[in-house]
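Please look over the sequence and the model shown below, and then read the short report on how some of its parts are arranged.

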Amino acid sequence: MKQIINNCLDHIIDEYYCSVHVCTKFLIFKMKLNQKEKPPIIWLNASVFVITFAVAVIGTPTWAWYHGFDWAQIGMLVFGFTFSGLSITAGYHRLWSHKTYEAHPVLKFILVLGGAYALQNSVLHWSADHRAHHRHVDNNALDPYSAGRGFWFSHIGWMLREYQKHCHSDYNNCRDLQKDKIVMWQHKYYLPLVLLMNIGVPIVFSLVHGDLWGAIILIGFARLVLNHHTTFFINSLAHIWGTRPYTKSNSARDNGFLAFLTFGEGYHNFHHIFENDYRNGIYWWQFDPTKWLIRLGSWLGLTKKLRVTPENRIEKVRATMLLKSIQTHLRANPNTTHRIQLLEQEYQALVTRMSDYYEAKKRLINLKKQNLLKKYDRAILLQQLQILKSEFHQQKRNWHNLTASYA
Ligand SMILES: [Zn+2]
Ligand SMILES: [Zn+2]
């Protein structure tokens with residue numbers, strides 16, 4: 001009996017060591033494979049991110065403790081953060097990457113300087129990456145910062161290794177930008193402009209205000225790190241955290257908190273479906289300072305041809321998403337056929353009223369533009385439009401009440 005137990009134990013131990021041995025070999029093989037798969041580190045990028053982050057995180061509280069910062073320095077930090085942040089959102093993103101409006105050369109010049117201050121590569125390079133992101137969103141092979149590869153990769157990892165070596169200087173998707181003299185000037189002199197802005201601004205500020213090292217730490221390093229990581233959140237968190245009221249065909253999310261940190265870019269689900277709209281937050285209560293800046297620019301003659309998505313398209317997409325989501329929810333439960341039918345009827349009625357109202361509105365605007373409206377016709381058409389509008393709003397209320405009761 002004792003012999004049998006010993007034999008069994010020997011067998012178990014052999015198996016155990018064999019498994020451990022196989023597992024260890026497998027892990028070593030996997031590590032080697034991963035090491036082989038991972039492209040080389042871009043030491044310049046890695047050093048910039050590590051050094052700036054370390055100085056900001058360690059240097060700022062240390063300097064605050066021993067020397068303190070005054071309100072002028074804090075004000076300059078807010079100004080520098082806002083200037084560099086808006087240059088990316090209003091300039092790099094909505095002006096150049098998506099062409100959602102046109103800008104006066106003076107504004108373009110200010111925006112390329114702010115972009116160099118934000119240290120996120122040239123307009124041309126940034127836009128090439130961003131257009132590829134929109135075109136191939138969530139495709140791990142073609143989206144340069146695909147959220148499908150995880151938070152770290154989409155946030156910063158994609159810039160730390162030579163993932164894009166094969167297409168690093170491929171600007172074929174930005175041929176239009178290669179005709180923009182200000183874009184090409186910034187691309188050519190990008191490094192001197194980066195040094196001028198990132199070193200020059202804190203030095204000039206300290207010449208007026210004093211405390212050179214305080215300015216370098218707060219307005220140079222801390223401002224840059226804040227700007228980097230809030231922008232990077234759009235590629236990482238805005239594809240992970242939030243709601244999807246417009247489309248579920250990609251991972252982009254709407255997130256009001258991220259919009260607050262990123263000058264309005266947090267309404268990323270809307271942006272990924274209506275990328276040519278100069279707004280990201282379309283409602284008055286949504287925080288989108290980039291939209292406000294572009295709109296303000298149009299009053300000052302600095303921006304023009306602001307592109308907006310027709311309201312009916314936006315409303316229809318939203319209603320369709322809601323319909324699909326409630327349909328899925330109801331189908332998962334028994335005896336819901338009648339409720340699904342009712343829901344679909346109300347949706348159809350909404351789409352019909354919506355299209356009637358917006359068509360009539362468009363017709364009236366066109367007639368006005370062509371001066372084809374007589375006083376009498378105008379009164380009749382306006383009255384018809386009012387009726388269509390109230391029918392549409394009534395149907396919207398019905399739809400809202402019904403969908404709220406199903407939620
Ligand atoms: Zn975009
Ligand atoms: Zn995105």
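Is the crossing of α2 and α9 left-handed or right-handed? The crossing of α2 and α9 is left-handed, where a crossing is left-handed if the near helix is turned anticlockwise from the far one by less than a right angle, and right-handed if clockwise.

This is a predicted model, in which local features need pLDDT of at least 70 and side-chain atom pairs count only at pLDDT 80 or more, while totals for chains, interfaces and linings use all residues. Residues are numbered from 1 along each chain as its sequence is written, and chains are lettered from A and ligands numbered from 1 in the order in which they are written.

Helices here are DSSP runs of H or I with at least four residues, strands are runs of E with at least two, and both are numbered from the N terminus.

| Helix pair | Packing angle | Distance between axes |
|---|---|---|
| α2 (residues 43–66) and α9 (residues 212–235) | about 135 degrees | 9 Å |
| α8 (residues 190–209) and α9 | about 140 degrees | 9 Å |

Angles under 35 degrees count as roughly parallel, over 145 as roughly antiparallel, 65 to 115 as roughly perpendicular and the rest as oblique; α2 and α9 are therefore oblique to each other, and α8 and α9 are likewise oblique.

Residues are in contact if their C-beta atoms, placed from the backbone, lie within 7 Å. On the α2 side, T52, F53, V55, A56, G59, T60 and W63 meet G214, I217, L218, F221, A222, L224 and V225 of α9. The residues of this contact of α2 with α9 comprise 10 nonpolar, four polar and no charged, with Ala, Val, Leu, Ile, Met, Phe, Trp, Tyr, Cys and Pro counted as nonpolar, Asp, Glu, Lys and Arg as charged, and the others, Gly among them, as polar.

T52, placed in helix α2, touches F221, L224 and V225 when residues up to four places away in sequence are left out. T52 has 20 C-beta neighbours inside 10 Å and so counts as buried, a class that requires 20 or more other C-beta atoms within 10 Å, whereas 12 or fewer make a residue exposed and counts in between make it partly exposed, with C-beta atoms placed from the backbone.

The crossing of α8 with α9 is right-handed. In this pair, N198, V201, P202, F205 and S206 of α8 meet L212, A215, I216, I219, G220 and L224 of α9. By class, the contact of α8 with α9 holds eight nonpolar, three polar and no charged residues.

**Annotated spans**

An unreviewed UniProt entry places the feature "transmembrane region" at residues 41–65, 71–92, 189–207 and 213–234; such annotations may be inferred rather than shown by experiment. In the model, residues 189–207 are 95% helix and 0% strand, with end C-alpha atoms 26 Å apart, and residues 213–234 are 100% helix and 0% strand, with end C-alpha atoms 31 Å apart.

**Positive phi values**

Most residues other than glycine have a negative phi. L119, in the loop between α4 (105–118) and α5 (123–135), has a positive phi near 50 degrees. F263, in the loop between α10 (256–261) and α11 (268–273), has a positive phi near 55 degrees. L119 is partly exposed, with 16 other C-beta atoms within 10 Å, while F263 is buried, with 26.

Notes
Axes fitted to C-alpha atoms, helices over the stretch in contact; angles between N-to-C directions. Contact = placed C-beta atoms within 7 Å.
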